Amino acid sequence: MKQVWLIFLKDIQQEFKTRYAINAILLFAIVTLSAVSFSIGTYTATARILASLFWIILFFSSMSGLSHIFIREEETHTADTLKLVARPTSIYLGKFLFNLILLMLLEVILIPLFIAVMNFKILNYQIFLLTLLIGNFGLAAGGTMVAAIISKASTKGALFTVLSFPILLPVLISGISATRKASESVRLMEAQNELQALFAYGIIIMVASVLLFDFVWNE
């Protein structure tokens, strides 16, 4: 756990120096939300459409910054040093924790803006917050693993979103369905299937990533 925490602190300090990932995800989210708002205009979108738009904006905004966690190690030539001083599992968990915090920071900005601009009404905050909490876990776990896979490729930016989409599609489908129910004032039990699917996927992708990261990182 000490190695995990030190790697996390290292990434936080580097991010505060460059602000690359933070600026990328926030600017992408604001620009995309503005474009969607102007495109819809005075049209009253249904809860299903608004829930879909929210998760699409969240997904592509996060993908614009999550990949930088391993790309930065390759660009600064610190990947080999990191391999010598920390175990692969500690490296993955430290990077995962950083991406999880990055996702939460994005949502702190995106959610109030989306509610205000798109007139999105959330009637069951318990379902909505649980969906975000569990969904973030799956997005960060899968995104961190894909970032490690594509970090040595020549076309890193394009590959990351392309590879992440099919892997993280279950999170999007369940997240959209649960968010729609949160906006329709249903009981928590009625969103149980979606929340269980998100939780199960998060556990599966996390366990698989921890088991496979050693082979990916040392390849």
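**Note on helix packing**

The crossing of α2 and α3 is right-handed in this predicted model.

1. **α2 against α3: geometry.** Helix α2 covers residues 20-40 and helix α3 covers residues 47-66. Their axes lie 8 Å apart, at an angle of about 150°. Angles over 145 degrees count as roughly antiparallel, so α2 is roughly antiparallel to α3.

2. **α2 against α3: residues.** On the α2 side, the contact uses Ala21, Ala24, Ile25, Phe28, Ala29, Thr32, Leu33, Val36 and Ile40. On the α3 side, Leu53, Ile57, Phe60, Ser61, Ser62, Ser64 and Gly65 take part. By class, eleven residues of this contact are nonpolar and five are polar.

3. Helix α6 runs over residues 88-118, 31 residues in total. At 1.5 Å a residue, α6 should span 45 Å. The C-alpha atoms at its ends are 42 Å apart, which agrees with that expectation. There is a bend of about 25° at Leu110 in α6.

4. **α4 against α6.** Helix α4 spans residues 68-75. The axes of α4 and α6 come within 10 Å and cross at roughly 125°. That angle makes α4 oblique to α6. From α4, the contact takes Ile69, Phe70, Arg72 and Glu73. From α6, Ile91, Lys95, Phe98 and Asn99 meet them. The class count is four nonpolar, one polar and three charged residues for the contact of α4 with α6.

5. **α4 against α7.** Helix α7 covers residues 125-150. The axes of α4 and α7 are 8 Å apart, and the packing angle is about 30°. Angles under 35 degrees count as roughly parallel, and α4 and α7 are therefore roughly parallel to each other. The crossing of α4 and α7 is right-handed. Ile69, Phe70 and Ile71 of α4 meet Thr144, Ala147, Ala148 and Ile150 of α7. Six residues of this contact are nonpolar, one is polar and none is charged.

6. **Residues in two contacts.** Ile69 and Phe70 of α4 meet residues of α6. Ile69 and Phe70 also meet residues of α7.

Methods
Residues numbered from 1 in each chain as written. Predicted model: local features only at pLDDT ≥ 70, side-chain atom pairs only at ≥ 80, totals over all residues. Heavy atoms only, no water. Helix = DSSP H or I, 4+ residues; strand = E, 2+ residues; numbered from the N terminus. Expected span 1.5 Å × (residues − 1). Bend = angle between axes of the 7 residues up to and from the residue. Axes fitted to C-alpha atoms, helices over the stretch in contact; angles between N-to-C directions. Parallel < 35°, antiparallel > 145°, perpendicular 65-115°, else oblique. Left-handed = near helix turned anticlockwise from the far one by under 90°. Contact = heavy atoms within 4.5 Å. Nonpolar A, V, L, I, M, F, W, Y, C, P; charged D, E, K, R; others polar.
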